[in-house]
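This report covers a pocket and a helix packing. The structure comes first.

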Amino acid sequence: LDISTFMLILEMCFDSFKYVDTRFFQAQRLSMTKYTALKFLVINGGRMKHSDLAKWTYTRKHNITTLVDRMKEEKLVTTERNTKDKRVVEIIVTDKGRQTYKQAAPIARKIVQEMMQNVGKDDVRELERILNALKANIERS
């Protein structure tokens, strides 16, 4: 692998994140990380532990508390202690959080369409294969 190819991969990761984050904020006043958190809360039944949400959002465990606190201030989520294990605090999506996610989902689809508009189906399959191979290499390291 040529170093310039590797640098292009890293550049695309950073540029993609910045592009998606900017587009979400412009359209919905929402960060990509908050959208992702809402998405995974909704599809996982509306409640999750901090550690699980950190994993799904690729957020470091020590940063998830800050994210959840911000989302609580915006009334997108609440938190409560688990009734069976008092040590566990669960994050619960609110009605406002569900509505925000519902409004942002079409924006997410549009962003994906914009970014992938000149990429054919065969190219997408090959890209997925390559990215999965790279991810597997990282996870094995």
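The largest pocket holds about 1,900 Å³ of space. A pocket is an open set of points on a 1 Å grid over the protein atoms alone, where a 1.4 Å probe fits, with protein on both sides within 12 Å along at least five of seven lines. The volume is the space filled by probe spheres set on the points. The model is predicted: local features need pLDDT of at least 70, side-chain atom pairs count only at pLDDT 80 or more, and totals for chains, interfaces and linings use all residues. Residues are numbered from 1 along each chain as its sequence is written, and side-chain values use heavy atoms, without hydrogens and water.

The pocket is lined by 39 residues, and Cys 13, Ser 16, Phe 17, Met 32 and Leu 131 are the closest to its centre; a lining residue has an atom within 4 Å of a point. H1 gives the largest share of this lining, twelve residues.

Helices H2 (residues 32-43) and H5 (residues 95-116) pack with their axes 9 Å apart, at an angle of about 115°. H2 and H5 are therefore roughly perpendicular to each other (65 to 115 degrees). In this contact (heavy atoms within 4.5 Å), H2 contributes Tyr 35, Leu 38, Lys 39 and Val 42, while residues of H5 including Arg 98 and Tyr 101 take part.

Key
Axes are lines fitted to C-alpha atoms, for helices over the stretch in contact, and angles run from 0 to 180 degrees between N-to-C directions. Helices (H or I, at least four residues) and strands (E, at least two) are DSSP runs, numbered from the N terminus. Angles under 35 degrees count as roughly parallel, over 145 as roughly antiparallel, 65 to 115 as roughly perpendicular and the rest as oblique.
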